[in-house]
Amino acid sequence: MTMAWEPYDAKRIEAKWQARWQEQQTNEPDLAGARNPFYTLMMFPYPSAEGLHVGNVYAFTGADIQGRYHRLLGHDVFEPMGFDAFGIHSENYALRINTHPMKLIPKNVANFRRQLRMMGLMLDWSHEVLTPDPKYYKWTQWIFIQLFKHGLAYRKKAPVNWCPKCHTVISNEQVIDGMCERHPGTAVERRHLEQWFFKITAYAQRLLDNLDWIDWSETTTTAQRNWIGRSEGADVDFPLPGREDALRVYTTRPDTLFGATYMVLAPEHPLVAELTSPEQREAVAAYCAAARMMKDADRVDEAREKTGVFLGAYATNPVNDQPIPIWISDYVLIEYGTGAIMAVPAHDQRDYEFASKFGLPIIPVIGPTEGDPPAGEAYVGEGVMINSGSYDGMPSLDCLRKITADLEGRGVGKATVQYRLRDWCISRQRYWGPPIPMIHCAQCGIVPVPEDQLPVLLPELEDFHPNSPGGKPLERYKPFYETTCPQCAGPAHRDADVNDNFLDSAWYFLRYPSTDDDQRPWDPERTRKWLPVDLYVGGNEHAVLHLMYTRFLCMAFKDMGLIDFEEPFKKFRAHGLLIKEGAKMSKTHGNVSNPDEYVEEHGADTLRMYLMFLGPYAEGGDFRDSGIVGIRRFLDRVHRLYGGIPAGGNGGPRHGPLQKRTAIKLHQTIKKVGEDIHAFSYNTAIAALMELLNEMRAAPALDDFARESFVILLAPFAPHEAEELWELLGHDGTIFSARWPDYDPALTIKDEVEIAIQVMGKLRGTVTVGRDTSKDEVQAAALAEESVARHLAEKTIVKVINVPNRLMNFVIKP
RNA sequence: GCGAGAGUGGCGGAACUGGUAGACGCGCUGGAUUUAGGAUCCAGUGAUGGAGACAUCAUGGGGGUUCGAGUCCCCCCUCUCGCACCA
């Protein structure tokens, strides 16, 4: 031994190893020369003024364990970190404390770096990414231009979600129950603005299809499937008497076509004005105006009673030539399908409510196969066709296809697929983000900024308040706003919007390996070597936002020939949420804990292990202070064991060959910890380490393999202490150059097994026999047990169930 | 309403393809050691009855399948998360 043992002092040990890792660049793989690359990614944080909280530490530690484990398996692990410091979070905070965000960032980032180092994460700080750095957002803007050039960025005037507190447009995903995600209690308004959109809908089917093969948490892929919301149905044309054109609707239930008793258009539907009869004009105009002004929150409230107005016009049902009245109502959405529906009140609950209120006919066209249709509501199930002309008597499921085919044959309908997914609104009428790199010219229209002029620098404005007089922040600042057209050199102005913060974070993982390259967003060779990301770990709150946008961009890049893969993350695992005091740990609940105090008291290794011990990583855990001492005691005991300090009365294990039972426990644990890490089952892996420690402490002797293996198994969880003990065992250099121990399968099974003996399914005793003892011998041993024999006395044994090496059950009768 | 997940001791949580429910840890109880300790070590700890060995009851509730159910099936209740008039 080269080093004297001292009592466990987390502070000393952790400072020592953090300094050594930094000095020796232990965590910086050779990106160009690595032979066995493994890219571990964790969702980079927004560097808030409050600093890292325990929830972040939970997320990062779970990812770090994977990185460290893979390193011990022999991979070159790249585990980078960065900061997502653009966006409304930062801007609103800056406004609140009246300080420019640019001034806040260095301090906040420095604090985050300090805390991340403190937690002993295996981060490679030589490849940090900072989204508001012009060296980074230059390429964010470049990406915007590439999408524009490939027809994937376009402008449209659209009803958008406007948060009066954020003073900007927010995405559908950021609207929660009609309220702003960031301002609970603030209703989102509907405004109509010219906005930039990315055509994510063009990739809807591919985004859906790939979910079948990517190795992601099922909770996440399910959320994405629901969000994409593919539905199969038919477009059907309803002729409009006296007009050339027809009213097109989308329906998933062509089998109910004979039951369509009225039509409903969205108030925004373009045909509304043309179809309205003179008598109804006033009422219709009033209804449309009201709908237009209405907040989404109200419009979307399902509990609200249905409203609507008759247009005074009729369409013709293409299957039976019946005239059916056309109404408008805000329960029909202009954004989905064709913005018009055929209403079948007998078989759709919404239509049923509407028809009941306005006295419209309700005609059942499908009868349930058995029983009666429910009274007072729509029957939405399948059944047998009725009131449907020649289709009567057929199963409704068959008619779904048949009626569509018949309509198709007559040229009045066709099978179609709809998606719920909407295009991604990119524009933000704010300050703190990358300016959208577009120029508006009266002569040439919209012209992208030439790529050699990137980045379009965000000017350092004193007044960046979103709603000061004179327009948007960037519009008010004329030296920025006023420019010349790159094509005609005439006067022009810059786009005064900045991009959505989700664009900044949609490609950061591509940048990490190439942060030293100023010529390209990513170095093709490095990218080929390191991407796609091997493992991404993050919260499911990003299941449909960040993770969908990232996948979309990746597909677009692949199609542009910029990269050669279309899914960014081979494996994604969602972690659970930390609960504290009965609520999820978050700033809104005011129950966040700062890791600093726990590290100060117990050390980072203890906090890391404690967080991982709380429960299954995918399900989160209940964070409370009371249990942390258990882990602290565990690490103390580990440390004492390696110092040769007696554990209780036995004087401590000496150096020597293992007893069989200790060897078995050791090999079982090597097997289990590896398997558990693979399954992200950290809590049970730690429990197994505790069991092994208890066994080793009680053992009379331990050999080198046992001592070294235990430290290596501990290393992913408590890296500082593992390094310290590794050194104490006489090794030079980092333990992370060591290899995960192999277990001997023969030593994972015991020679003797305890067999449960049941009588009629109730446990009456146990017998210990050699492994693979025959049924007869087990039975003999069981019958010899007094506690078993007593229950069998004077009974007839009907049957004996034998589960080898586990259990024997006697079935008896009196 | 739809989708996903979950209900197990005082607490956090274990339990492989159905096979000894409660691993591991916290807390608690008793003991050892100590000047003392909230340090360390040992033992015990699901509930009820019993001095006791033992018995009975126990995995949200109710049925069922099975030699055997926390695990499978049906019905119901509760909680968490996500989506929310998507035709």
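Select helix 21 and helix 25 to begin: Leu 635, Val 638, His 639 and Tyr 642 of helix 21 meet Glu 721, Leu 725 and Leu 728 of helix 25, contact meaning heavy atoms within 4.5 Å. Helices here are DSSP runs (H or I, at least four residues) numbered from the N terminus. This is a predicted model, in which local features need pLDDT of at least 70 and side-chain atom pairs count only at pLDDT 80 or more, while totals for chains, interfaces and linings use all residues. Residues are numbered from 1 along each chain as its sequence is written, chains are lettered from A in the order in which they are written, and side-chain values use heavy atoms, with hydrogens and water left out.

Next, display residues 628-642 and 719-728: helix 21 and helix 25 pack at an angle of about 5°, with their axes 11 Å apart. Axes are lines fitted to C-alpha atoms over the stretch in contact, and angles run from 0 to 180 degrees between N-to-C directions. Helix 21 is therefore roughly parallel to helix 25, a term for angles under 35 degrees.

Sugar and phosphate make up 64% of the atoms of RNA strand B that come within 4 Å of the protein. Colour helix 23 (residues 682-698), which gives the most to this surface, with seven residues.

Finally, select Tyr 336, where a side-chain N or O atom is 2.4 Å from a phosphate oxygen of RNA strand B.

Notes:
Near = heavy atom within 4 Å. Polar contact = N/O pair within 3.5 Å; in protein donor to acceptor, adjacent residues only side chain to side chain. Helix = DSSP H or I, 4+ residues; strand = E, 2+ residues; numbered from the N terminus. Parallel < 35°, antiparallel > 145°, perpendicular 65-115°, else oblique.
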